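Hello,

Here is the structure you will be taking over. My notes on it follow below.

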Amino acid sequence: MTDNSPREDDYPAMNETFDRASPFADDAGVKAGPRPDISDEEADAAFAEVVTVDGVDPVAARAALADVPWEPGAPKPDPILVADGVVRRFGGLTAVDVDHVEIQRGVITALIGPNGAGKTTLFNLLTNFDTPDAGTRVFNDKNIDNVAAHNIAGHGMVRTFQLTKALSKMTVIENMKLGATGQKGESLFRSIFPFMWRKQEKEIEERADDLLIHFKMDHMRDQFAGTLSGGQRKLLEMARALMVEPEMVMLDEPMAGVNPALTQSLLGHVTGLRDQGMTVLFVEHDMDMVQEISDWVIVMAEGQIIAEGPPASIGENTAVVDAYLGSHHDSALDLDQEL
Amino acid sequence: MDYQAIIESLFRGLIGERFIVFALAAIGLNLHFGYTGLLNFGQAVFMAAGAYGLAMTVVTIGPAVNRNTGLNMSESTLFWVGIFMAVVVFPLVLALLMGIPTLRLRADYLAIVTIAVAEIFRLIARSPSLDKWTGSSDGLTGFTSTFYDLSPFTTTDRYFFNLFTGNQFFLVLVGWSILALGTLLCWLMIKSPWGRVLKAIREDEDAARSLGKNAYSYKMQALILGGMFGAVGGMVRAVGFSVAQPDNFITDVTFFVYVALILGGAGKVFGPLVGAALLYAVLDSSDTILRQLVANDYIPESIMSGTQVGQVRFMLVGLGLILLAAFRPQGIFGNKEEMALDDR
Amino acid sequence: MPHTKLTPTAQPRWLRILLGAIVALLGLTAIGGPALAQEDDSGGEGTEEVAPDEGASESIGGVIQARDEEGEQVLLEGVTFIVTDADDNEVGSADSDAEGVWRVDLPGPGVYSVLLVEESLPEGNSLRNPDNNPLTEISVQPNTNKNTLFPLGERTSSGDNTNRVAQLTVDGLKLGLIIAICAIGLSLIYGTTGLVNFSHGEMVTIGAMTAYVINVTWELSWFGSWMSSLVFGAMVAIAFTGFLGYIYNEFVWKPLRNKGASLIAALVVSIGFSILVRYVLLYQFGGRAGFYRDFRIGEPIDFGIFSILRKDLFIIVFSALVLVAVGLALQKTRAGKAMRAVADNRDLAESSGIDVEKVIRLVWIVGSALAGLGGVMFGLTENINWEMGFRLLLLMFAGVTLGGLGTAYGALLGSIIAGLFIQLSTLILPGDVKNVGALVVLILILLVRPQGLLGRAERIG
Ligand SMILES: Nc1ncnc2c1ncn2[C@@H]1O[C@H](COP(=O)(O)OP(=O)(O)OP(=O)(O)O)[C@@H](O)[C@H]1O
Ligand SMILES: [Mg+2]
């Protein structure tokens, strides 16, 4: 999906160049596939070891959604994240104006909506990467309005970006290790005394390696992240986010630009996360995928939440259909494809 | 032609005072630009902070404090206090001044503010209205005796293949020790998780923040620390030439440091050393060659005069920046793969 | 990727207070001593005897010099002195040369008086004590060369009734308009290509110097004296800098864009050019300051609370006209609309059929030509030297950042505010550090409203 971001325009060369310069760019499709020589069991075992959220029963959490009314701003039985009256304006444009929204703990919630609906902006507001003009956000019963963006991760919420942010000139394993929180060697003073952080570093590295095995990326461990294909970067970004040991992950279009084979494994990873008790909120344009993995769907249009409900209910919702057909400039929209 | 002079200037460039000064400044800039991606165009002001921190403490502020408080600090006490001011206090204040308004903004804002601070420094340091404190355009002298009193070498003898006088040799030895220590520190820090966070911020600040790293704080730490390295460099320069003068720290000096850094390789621990040595070997020897050519009338006065020789090195630096940034941003020893990754 | 963060709200309050305090402190130290400036070595007007040259008879002369903003001595060229004898008959007159030296040969020993023609003083200079002009009762002994001294500087007696604030406002407006003309290009180039062009100041210098070469160095008169007039010089300067802008884009920036060089690399390249060009100019023209011919003479027009020289009035009116024209062109013409569209959102502009490369080329040409024109005007108000553009660049940055990086109208507004601020700050600051004020404002504005007055918040994610 295109993102008409003004800042990106100022750096026009950067996106394309990389691919052209990278020797691996052309065979991205081939390289992006999962690594064949690891069995699924091995990978899953490695995963279960690293990713678990205690005290969450994903099955019960999903079941509880059955009683939730299908309406915008519906209250959830066990919300992990609650936003109230969140408004963000850019000049005359109101990019986000959400009265009330709750995200159920332990389930996969999809956030959909036409281009420019305000999904990314809402992500920014929920993670404090951007400050709303009004409104409050509560995560895990704690008000996070005044928490700095970098402290959000410490609260147990981590997000990825629509434009993938792999750290190009760092290796894959370095990317992963960066995700760990609480590394003592990240303080300037302790950094010059390796004995103070060596041991911890080793543990972190082991965890990172386990996750890489799960994502079947361990063979690229020492490669520069800049040499990865687009899909691999999405994977890396997700794996790196998990290094934070979050309770909730927010993925902005994790499947965009990823080839079908890899998409399937990505979807598998996402449901895998939920089954370990993690809460997932993700933005996606492809309705098939939304139908396939999400437990709950929230629809945005023109900054507002216009519908909520289980995936099956969304296609019939007239407000949603209007929003897509009404607001989209291209008249011929294939509902099956895009919604 | 005096070939010996040319060879001497080549070697002095490779290992002498200027090399030490600019290698130190480049280590600092490497922390800023090479590892954290901070576009600091005011490294010359950090160097000036080191020079003036020492000189002002010994020559103007210290005596004034003595007069007004009845404290009676001796010159050597003032010298050591001065070193603390030069290495810690002045660069710290300066880094806060530059960093607080800009480190939350896009990289180019820091560039603009640092270059503005360089101009502010120039205006203030040269302003006759502050002559009492800064010595205005003539600068300050008379703050180095404590240092040279420590020298075990005789001033009149020449040392190290006749390259240096006793005092110079002492300065160079001390400078090399500082340089070795600084490089070691830098290496330790960069290889640590702290250094990893810096690199992550250079690559993408938002990603680092989403992973729980306080990018602002890290950038500030890097700015302060790198500034302190610059200040040490400036201090060595002031001690080496026995004067702290505004003209030694004009804006363009920063770009000498940039050329040194990019030449040796930004983001490499030894890059600053290699780059500064190469740069000054080239600049100093070409300077000597040109001066000799002019003096011996191989180049007629109408084409180049003695004063114009000094301007040539600035042109070389400008040209060097253009060519390096356009064709070899990874440094002259960088490899292809890095080159590909360099487009960030 | 660009590092972006705009919301100043996230900034802890104590940090801002701390910084404010530091800045205020710096400001205070700078105020330290306007009084000091007065205890200048060169006492009052006077004369002194100098050893006679061989074979010379009698003469009166001197060296006329001032201090510039940084306290450096500047030798003034082209100042006119008229020598009259005891009976008020003019004996002769002379203009000071490039070294500030003037001399009038006398018919013989006697008593003479010297008048400095105040209107011939370059802008910004005035006699410290106008009552001592003309200098009378100078007795010249046989075979001596008498030297006279006319100290310049702050007028001690304010014999006129102009209001200082009003006067400074007018001066500030003039400076602001000049900054604005120069800065439009800087801002448009940033807007369309993302490049912070540190070599933009050199375009200003080149513009000023081109006109200087036509006006002073060559003094062509092939097809009449208009060929060496400043108006013609300015036109050549505009054409030349516009052409250079085209060349610069075509042979440096376009290849770099096509190569996909990062913006950081591009920024460093622009700095390289800034240094290279600056020192080539220094090499070529030397470090001395120059002034345009004519244009310094003229009675100031008195408006009561302020007075203004004809040429300054011309600068203000003309600059304002140029800026209005640029504004209209941006608003109304196709090219102007395209420029704004590209600056606003490059991809969108490209997909709606605008030839972005063409627009960028135009921006380079127009922006550079405007910088050249601004250089000529800047040279009219101050002296022309090799680093005038680089100094102005920092003021442009202040203006452009104040108004909002990348917005054409923001550059306008911010520059004018910067100009006003610089001049008005001399109410408190000594003149030699007046630019510090503007740069401090630049820092402060980033603390409170980093996107500038007319700028727009950036996006994340
Ligand atoms: N920094 C900004 N300045 C101005 N407008 C902005 C900014 N950020 C977002 N917008 C606008 O806000 C609206 C919502 O943008 P947002 O990126 O949140 O949409 P989205 O739902 O994520 O769209 P997409 O599906 O294309 O990613 C858009 O109209 C966008 O142009
Ligand atoms: Mg989006």
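Of the 344 residues in chain B, 65% are buried, where buried means under 20% relative accessible area, exposed over 50% and partly exposed in between (1.4 Å probe, protein chains only). This is a predicted model, in which local features need pLDDT of at least 70 and side-chain atom pairs pLDDT 80 or more, while totals for chains, interfaces and linings use all residues. Residues are numbered from 1 along each chain as its sequence is written, chains are lettered from A and ligands numbered from 1 in the order in which they are written, and side-chain values use heavy atoms, without hydrogens and water.

Chain B has 15 helices and four strands (DSSP runs, H or I of at least four residues and E of at least two, numbered from the N terminus). Its C-alpha atoms fill a box of roughly 60 × 60 × 40 Å along the principal axes.

Over all chains there are 32 aromatic pairs. Rings of Phe, Tyr and Trp (its six-membered ring) pair if their centres lie within 6.5 Å; planes under 30 degrees apart are stacked, over 60 edge-to-face and the rest tilted. F193(A) and F195(A) are tilted because their planes stand at 55°, with ring centres 6.1 Å apart. F193(A) is partly exposed at 30% relative accessible area, and F195(A) is exposed at 66%.

F147(B) and F170(B) also form a tilted pair, 4.8 Å centre to centre with 35° between the planes. F147(B) sits in helix α7 (residues 145-149) and F170(B) in helix α8 (residues 166-191), 23 residues apart. F147(B) is buried at 10% relative accessibility, and F170(B) is buried at 11%.

Regards
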